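Biologist: I am new to this structure and would like to learn how to read it. Please take me through the features one at a time.

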Amino acid sequence: MDKTILESIIDEVATELYQQWYNAVPESEKTEDSSKAIAKNAFDTSFFVIQRFMAKFNKEAEALKSVDDQDTI
């Protein structure tokens, strides 16, 4: 099954966030469990932030559209 553009973006951002967080962990604390936890948190955080951004962006776009529609009346 092909991913949507949004799903691909979320995956890319989550991967970048994971790498940044994983690189910040001291070598002595890097374990398979910590890596899995970081990966899950990176995905969940990326999904949440992008979802919230899209909701706010769409809300503002609708508000601007409403203003533009009123100006043309």
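This is a predicted model: local features need pLDDT of at least 70, side-chain atom pairs count only at pLDDT 80 or more; totals for chains, interfaces and linings use all residues.

Biologist: How is a helix assigned, and what span should helix H1 have?

Modeller: Helices are DSSP runs of H or I with at least four residues, numbered from the N terminus. The expected span is 1.5 Å times one less than the number of residues. Helix H1 covers residues 5–24, so its 20 residues should span 28 Å. Its end C-alpha atoms are 29 Å apart, which agrees.

Biologist: Which residues of H1 are buried?

Modeller: A residue is buried under 20% relative accessible area, exposed over 50%, and partly exposed in between, using a 1.4 Å probe and protein chains only. In H1 the buried residues are Ile10, Ala14, Leu17 and Tyr18. Seen down the axis of H1, they fall within an arc of 110 degrees, so they line one face of the helix. That arc is taken from the directions from the helix axis to the C-beta atoms. The face of H1 turned away from the buried side carries the exposed residues Ile5, Glu12, Thr15, Glu16 and Gln20.

Biologist: Is Ser46 buried or exposed?

Modeller: Ser46 is in helix H2, and because its relative accessibility is 2%, it counts as buried. Leaving aside neighbours within four places in sequence, Ser46 is in contact with Ile10, Val13, Ala14 and Leu17. A polar atom of the Ser46 side chain also lies 2.8 Å from the backbone oxygen of Ala42.

Biologist: Which residues make up the largest nonpolar core?

Modeller: In soluble globular proteins, nonpolar side chains tend to be buried together. A nonpolar core is a set of buried Ala, Val, Leu, Ile, Met, Phe, Trp, Tyr and Cys residues joined through side-chain atoms within 4.5 Å. The largest one here has five residues: Leu17, Tyr18, Val25, Ile38 and Ala42. H1 and H2 are the elements that give two or more residues to this core. Val25, leaving aside neighbours within four places in sequence, is in contact with Lys30 and Ile38.

Biologist: How many salt bridges does a search of the whole structure find?

Modeller: A salt bridge is a side-chain nitrogen of Lys or Arg within 4 Å of a carboxyl oxygen of Asp or Glu. The search finds four. One of them joins the side chains of Lys3 and Asp11, at 2.2 Å from N to O. Lys3 is exposed, with a relative accessible area of 53%, whereas Asp11 is partly exposed at 25%.

Biologist: Where does Lys36 lie, and which residue does its side chain meet in a salt bridge?

Modeller: Lys36 lies in helix H2, residues 32–71. Its side chain meets that of Glu32 in a salt bridge of 3.2 Å, N to O. The two residues are four apart in H2, about one turn of the helix, and both are exposed. For Lys36 the relative accessible area is 52%.

Biologist: What separates Lys40 and Asp44 in helix H2?

Modeller: Being four residues apart, Lys40 and Asp44 are separated by about one helical turn. They form a salt bridge whose closest N and O atoms are 2.6 Å apart. Lys40 is exposed, with a relative accessible area of 52%, while Asp44 is partly exposed at 33%.

Definitions and conventions
Residues are numbered from 1 along each chain as its sequence is written. Side-chain values use heavy atoms; hydrogens and water are left out. A polar contact is a pair of N or O atoms within 3.5 Å; within protein, one must be able to donate a hydrogen and the other to accept it, and residues adjacent in sequence count only if both atoms are side-chain atoms. Contact means heavy atoms within 4.5 Å.
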